Amino acid sequence: MHLGRTTLSKFLIQQLRDTDGGNDLAALLVDVAAAVKAISAMTAKGALSGFLGALESSNGQGETQKKLDVLANEIMLRSCDWGGLVAGMASEELDEPYELPTDHARGQYLLIFDPLDGSSNTDVNVSVGTIFSVLRHAGAQAPVGADYLKPGRVQVAAGYAIYGPATMLVLTVGKGTHGFTLDREIGNFILTHPNLTIPEDTSEFAINTSNARFWEAPVHRYVTECQAGRTGDRRRDFNMRWIASMVAEVHRILMRGGVFMYPKDTKDPGKPGRLRLLYEANPIGWLIEQAGGRASTGRQRILDVAPTALHQRVPVILGSRHEVERIERYHAEYDAGTDRPFESPLFNERSLFRPEARV
Ligand code: AFP
């Protein structure tokens, strides 16, 4: 592979030449890349596009939809529904799976995606992304809902686009995680980051600390130790980031290491986490594992979670292997009742949170 010269198409032909159905999978990923180029051009216009701001509508999960959410969703569907490569699609923006028009040929793959992740950032010009997962669909019959509910370990391709200063596509077909940068002048994705590898250790963590009062004890324990830095058990200082755009956090971790946490919390007991399994945690989790990292719910490998619903949410802890393993160990000790008594600084005698402190 020649850096700076290998295009996405050439790379996929090389990677999939010996894979059953590889030509169709490569062609589908090229269709996804075409949609990404169109979404990139749209988001790059910013306020000039007239597409910023929220709609009156909300998606099936009651979340306010941005105009760009809906437009990005349309671009993904229109780019991928006519090539005879997919049997069906599912999207964060659609309550139910998308059924192909009856006059469209059906293919052997299911495409599941979040068309614009981090869209709450579009109005403030912060990087956002598109996340996608590909499953194989056996048989000639049209897919039904259950066909999408497959564990992440059976994905055949996964990736994300990040619409940042540069637009990049990062993907895996099970042979490593590789990054491509969009050359806007020629309209091609060029291989710039082959075989991405996440450092096993890190001193950088990403979590929304405004949710601290809702976390479970093992997460409190881990974050408090990071905040204690060299004065505490970890004996080194840590840095924190939170962009509120999963793709941007994950991209940083793939580039230089780190750990990302959106853990189970009690903020909304009906939601065991914020992030969705099928089109956020699974594709990102596979990319992380293919780059030598680890992706966990805190108690289970994400790719082994058995889906029960299209838009189900899971806790997500992923990134540098040794840090994720430590956080899993803290969960195991907590569940076994063997974790040492842990007094969160939120509730110790010097804290404003103690009842008598409020008098
Ligand atoms: P949006 O797509 O609604 O902006 O949500 C983005 C996201 O799912 C994920 O990309 C971020 O990591 C996470 O939400 C941010 O959540 P908080 O806003 O609670 O920090």
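From which domains does the shell around the ligand draw at least three residues each? In this predicted model, the answer is domain 1 (8-193) and domain 2 (204-347).

Those two domains are how the protein is divided up, with domain 1 covering 8-193 and domain 2 covering 204-347. Their centres, taken over C-alpha atoms, are 25 Å apart. The domains also touch one another: 46 residues of domain 1 make contact with 31 residues of domain 2.

As for the ligand, its place is the largest pocket. There, 14 residues surround the ligand, and Asp117, Ser120, Met246, Tyr262 and Arg274 are the closest.

Several of the contacts with the ligand go to its oxygen atoms. Tyrosine 262 reaches an oxygen atom of the ligand with a polar side-chain atom, at 2.6 Å. Methionine 246, one of the closest residues, uses its backbone instead: a backbone N or O atom lies 2.7 Å from an oxygen atom of the ligand. Serine 119 brings in its backbone too, with an N or O atom 3.3 Å from a ligand oxygen atom.

Key: Residues are numbered from 1 along each chain as its sequence is written. This is a predicted model: local features need pLDDT of at least 70, side-chain atom pairs count only at pLDDT 80 or more; totals for chains, interfaces and linings use all residues. Side-chain values use heavy atoms; hydrogens and water are left out. A residue is near a molecule or strand if one of its heavy atoms lies within 4 Å of it. A polar contact is a pair of N or O atoms within 3.5 Å; within protein, one must be able to donate a hydrogen and the other to accept it, and residues adjacent in sequence count only if both atoms are side-chain atoms. On a 1 Å grid over the protein atoms alone, a cavity is a set of points where a 1.4 Å probe fits but cannot get out, and a pocket is an open set with protein on both sides within 12 Å along at least five of seven lines; lining residues have an atom within 4 Å of a point. A molecule sits in a cavity or pocket if more than half of its atoms lie within 2 Å of its grid points. Domain bounds come from an automatic or database domain assignment. Contact means heavy atoms within 4.5 Å.
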